[in-house]
Number of protein chains: 2
Amino acid sequence: MSQILNEVLNANAEYAAHFDKGDLALPPGRKFAILTCMDARLDPAKYAGLSEGDAHVIRNAGGRASDDAIRSLVISHKLLGTQEWFVVHHTDCGMEFFTDKIMGDLLNDSLHTAAVGENGWHNVQTEGGSAEGKYIDWLTIEDQTQSIVDDVRRIRQHSLVAKDIAIYGYLYDVKTGKLIEIPAATAAGKPL
Amino acid sequence: MSQILNEVLNANAEYAAHFDKGDLALPPGRKFAILTCMDARLDPAKYAGLSEGDAHVIRNAGGRASDDAIRSLVISHKLLGTQEWFVVHHTDCGMEFFTDKIMGDLLNDSLHTAAVGENGWHNVQTEGGSAEGKYIDWLTIEDQTQSIVDDVRRIRQHSLVAKDIAIYGYLYDVKTGKLIEIPAATAAGKPL
């Protein structure tokens, strides 16, 4: 068994030994959802004050309003009753540090982890690549404020999103732990 | 300001006031990622023992291996160095309680939150629907074990996934807080 697997299972056994949340209902008790980045430094339960049972949390690379994030949000509202949604991107996001072209070229040469230096990204190993990466929109971020405005607007304007849901746009600062409102995004996310 | 927004911002101010994680590196320190469901009852940081900076967390409705989840996982390995991935679905998942047909029909009549009773789902309000929901694969789950096997296998076989990544399949029990291995999934996720 790998060290990580062992650590995860030990941590889970500890969690389960003190578990007292077995009676929670399926729908989120506080009727809201957070869409945020997968970044390891972000813990939305901690930065937004969530206990088990409170809110849906949707996470992907960048916290982007992808079709799949919208699938999740629509299920969250339509079947499980959330009425307010937060879109939270963050400072120092990995999605700002590459382009579709860079990612496609790196993957074309090798699927193994690349390294980044003063001259940008480079492959350490160069076997076993795939051209498939050139056909994917990686949803990179050029401007950390604009991406929040764009994503809130995309959700607001989506044909399957109910008009009375409030959508807020925030930037999480990884240096301070603070949520900073992006007023243009929150304005774009107002109920119609 | 809504009550939820006020509560989230107050909780965040409290978190930031005691924040001491401002120096964490961008790549996950423990080099792994978890793909799991958005369900409010799940807190992967708690159930798997994560601190800020440890691991990527990807979440969507069902914890499914959607194209967007694979986008995130490939970025996680290729650019940020994760080497082991967990796919964690859970008991009592909302994705087991509807079909594409049910969701498409509900949305066609109304975007507002539906209710569920003895006779299944029904709309409470019936204005402002959209037929767009009929064109989406909602990635519902028929069998909570099979979905984990299917998703691990899809990731394992994806052309952009490096062959030496280990992928583990687990079911989280919302009644006990325990992670239960799905051996067929973990077997399907072995490095090639």
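The paragraphs below look at one arginine and at a set of aromatic ring pairs. The model is predicted, so local features need pLDDT of at least 70 and side-chain atom pairs count only at pLDDT 80 or more, whereas totals for chains, interfaces and linings use all residues. Residues are numbered from 1 along each chain as its sequence is written, chains are lettered from A and ligands numbered from 1 in the order in which they are written, and side-chain values use heavy atoms, with hydrogens and water left out.

A:Arg156 lies in helix α5 (residues 146-157) of chain A, where helices are DSSP runs of H or I with at least four residues, strands are runs of E with at least two, and both are numbered from the N terminus. A:Arg156 is buried yet has no salt bridge, the nearest side chain of opposite charge being A:Asp164, 6.4 Å away. Here buried means under 20% relative accessible area, for a 1.4 Å probe and protein chains only, and a salt bridge is a side-chain nitrogen of Lys or Arg within 4 Å of a carboxyl oxygen of Asp or Glu. A polar atom of the A:Arg156 side chain does, however, lie 2.6 Å from the backbone oxygen of A:Ile165.

Across all chains, the whole structure holds 10 aromatic pairs, counted when ring centres of Phe, Tyr or Trp (its six-membered ring) lie within 6.5 Å, with planes under 30 degrees apart stacked, over 60 edge-to-face and the rest tilted. A:Phe32 and A:Phe86 form an edge-to-face pair, 5.6 Å centre to centre with 65 degrees between the planes. Because A:Phe32 lies in strand β1 and A:Phe86 in strand β3 of chain A, this pair ties together parts that are 54 residues apart in sequence.

Conventions: Buried means under 20% relative accessible area, exposed over 50%, partly exposed in between (1.4 Å probe, protein chains only). Lys and Arg count as positive and Asp and Glu as negative; His and the chain ends are not counted. A polar contact is a pair of N or O atoms within 3.5 Å; within protein, one must be able to donate a hydrogen and the other to accept it, and residues adjacent in sequence count only if both atoms are side-chain atoms.
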